[in-house]
Amino acid sequence: MTAETLCLLAAGLFFMTALLTGWWKYRCIASSETATAPVYVDIAHRTALMYSFSALLLREFVPFSPLDAAGTRWAVGVPLLFFALAIATYVLHGMLRDTDNQLRSPHRLGNRTLPGIAIHGFMWALAIGEIGGFAILLWGFLKSIV
């Protein structure tokens, strides 16, 4: 699979997730006495929508990658994986309705408490993966216009 195809596949899956979580959000609002959805249902919907377009943006930068085809797949695949994991985490918190801030201690996942190192370690890996992957593509673009 090419990097472009991977980006387009992810964009489609993320957008479908946004549509489905949008319906879920509506159903929560419609059945709520306060006309609100759980925090992470709302976050899952907005994040899936945002990441669907982010995947398309990554695709636009693929032709400028300074890496070979395999390296470029990694450069887009790592951010896309972290986008997917973030969406999945938000959906899980939305289903469990276990927190309104996953970064606040104690870190809840259902009835369990997660160690802070797991949460913050994941966030560091996410930042490095997303920023690093895109930085490679952006660097290639910048080299092409100089």
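Arginine 97 is located in the loop that connects H3 and E1, elements taken from DSSP runs numbered from the N terminus, with helices (H or I) of at least four residues and strands (E) of at least two. In this predicted model, local features need pLDDT of at least 70 and side-chain atom pairs count only at pLDDT 80 or more, whereas totals for chains, interfaces and linings use all residues. Residues are numbered from 1 along each chain as its sequence is written, and side-chain values use heavy atoms, with hydrogens and water left out. Although arginine 97 is a residue other than glycine, its phi is positive, near 50 degrees. Arginine 97 is exposed, at 55% relative accessibility (buried, under 20% relative accessible area; exposed, over 50%; partly exposed, in between; 1.4 Å probe, protein chains only).

The loop between helix H3 (69–96) and strand E1 (107–109) also holds proline 106. The peptide bond that joins serine 105 to proline 106 is cis, its omega being near -5 degrees.

A positive phi, of about 55 degrees, is likewise found at alanine 35, which is not a glycine. This alanine 35 is placed in the loop between helix H1 (3–31) and helix H2 (39–61) and is partly exposed, with a relative accessible area of 47%.

Within helix H1, phenylalanine 14 is buried, its relative accessible area being 7%. Beyond its neighbours within four places in sequence, phenylalanine 14 makes contact (heavy atoms within 4.5 Å) with Ala48, Tyr51, Ser52, Ala55, Leu80, Phe83, Ala84 and Ile87. A C-alpha separation of 19 Å is found between phenylalanine 14 and isoleucine 131, which lie 117 residues apart along the chain.
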